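Reader: I am new to this structure. Please pick one part and take me through it closely.

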Amino acid sequence: MALPEADWIWMDGALVPWQDAKVHVLTHGLHYGTGVLEGTRAYPTPRGPAVFRLDEHLTRLAASARILGMRIPYDTAELRTATLDLVRANGLDSCYLRHLAHLGYGDMGPLIRPDSPVTVSIAAWRWGAYLGEEAAARGIRLKTCSWRRNDPNALPPAAKATAGYLNATLAKTEAVTAGYDEAVLLSSDGYVSECSAANVFAVKDGVLYTPPASAGALRGLTMDTVLTLAADLGLATRVENLLRSDLYTADELFLCGTASEVVPVREMDDREIGVGPVVGKIQAAYQAAVTGTDERYAHWLTPVGG
């Protein structure tokens with residue numbers, strides 16, 4: 001995979017040349033995982049590039065920081081302006097955006113203090129299909145992971161925290177090493193939780209099912225988007241606990257997330273699932289929403305302008 005690169009990164013209130021965006025080796029977040037993040041995408045639209053559900057992502061960033069007891073020194077409006085400025089400065093018509101707030105240099109030890117220094121950065125770069133260019137049409141191979149998802153009372157899934165991504169990284173590494181594309185994690189109770197960086201949906205008899213936050217699943221904004229699109233397509237949806245066997249016997253499976261977008265699962269644990277018609281409808285509706293060709297969802301798009 002090519003290294004991400006662009007001209008500028010926004011860091012602590014200013015645009016910084018990409019190669020100069022650095023932190024100290026004793027940065028607290030590097031040692032203790034004390035950070036929160038968001039992944040967002042900008043898409044080309046008939047009115048120029050626009051960021052998809054930017055305000056909701058920034059609201060969740062603030063909520064994640066509050067759960068951890070971190071103080072982000074910029075409000076949502078300031079980060080919104082900074083995001084748009086960054087995309088314009090880099091001259092990008094489409095890109096992936098990574099918002100990150102983490103405890104910086106100044107304290108050591110596993111403690112978040114109210115006055116702990118917080119570093120805030122936004123990066124934007126061109127990033128294609130996370131699971132491969134063919135995944136959206138062909139589908140991926142999914143593996144149930146031997147690692148369990150973090151318990152909600154050990155690391156809250158409502159906080160999109162950097163520390164939680166060690167769990168995701170172990171799962172993804174195990175799956176790829178074994179020859180699969182992605183991992184699905186189970187909760188400590190044995191229920192389906194989520195994938196390493198995506199929510200999972202099962203389709204059975206025309207109804208879409210996805211796990212709840214109590215199973216350790218992040219309340220994904222792409223998941224929320226899919227639930228809205230499905231309802232507008234006249235498809236019934238359910239948020240409830242699922243067993244691994246529910247995925248094996250589903251008519252269709254698919255993943256969704258900002259990086260992966262909407263991707264079908266053609267095989268899980270060496271059991272053929274296949275790619276069906278429902279995921280195709282969701283994919284088409286999603287692309288129409290993010291690219292501004294369906295005006296019903298224009299309120300989800302923040303034009304970059306300039």
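## The lining of the largest cavity

Author: The residues lining the largest cavity fall into 4 nonpolar, 5 polar and 2 charged. The model is a predicted one. By the rule used, it has 1 cavity of 30 Å³ or more. The space in the largest cavity is about 70 Å³.

Now the names. Thr40, Arg41, Tyr43, Phe52, Arg53 and His57 are among the lining residues. Leu221, Thr222, Thr225, Thr258 and Tyr286 belong to the lining too. Two elements, strand 3 (35-43) and helix 6 (221-232), each give the lining at least two residues.

Take Arg53 from that list. Arg53 counts as buried because its relative accessibility is 6%, and buried means under 20%. Arg53 also makes a salt bridge with Glu56; their closest N and O atoms are 3.3 Å apart. Glu56 has 26% relative accessibility, so Glu56 counts as partly exposed. Asp224 joins in as well: salt bridges with shared partners tie Arg53, Glu56 and Asp224 into one network.

Side chains of opposite charge can pair when their charged atoms come close. The whole structure holds 14 salt bridges. One of them pairs Arg149 with Glu194, with 2.7 Å between the closest N and O atoms. This pair links distant parts of the chain, 45 residues apart. Arg149 sits in the loop between strand 7 and helix 5 (165-177), and Glu194 in strand 9 (residues 192-195). Arg149 is buried at 15% relative accessibility. Glu194 is buried as well, at 7%.

Key. Residues numbered from 1 in each chain as written. Predicted model: local features only at pLDDT ≥ 70, side-chain atom pairs only at ≥ 80, totals over all residues. Heavy atoms only, no water. 1 Å grid on protein atoms, 1.4 Å probe; cavity = no way out; pocket = protein on both sides within 12 Å on 5 of 7 lines; lining within 4 Å. Points joined across faces, edges and corners; volume = space filled by probe spheres on them. Helix = DSSP H or I, 4+ residues; strand = E, 2+ residues; numbered from the N terminus. Nonpolar A, V, L, I, M, F, W, Y, C, P; charged D, E, K, R; others polar. Salt bridge = Lys/Arg side-chain N within 4 Å of Asp/Glu carboxyl O. Buried < 20%, exposed > 50% of the residue type's maximum accessible area, 1.4 Å probe, protein only.
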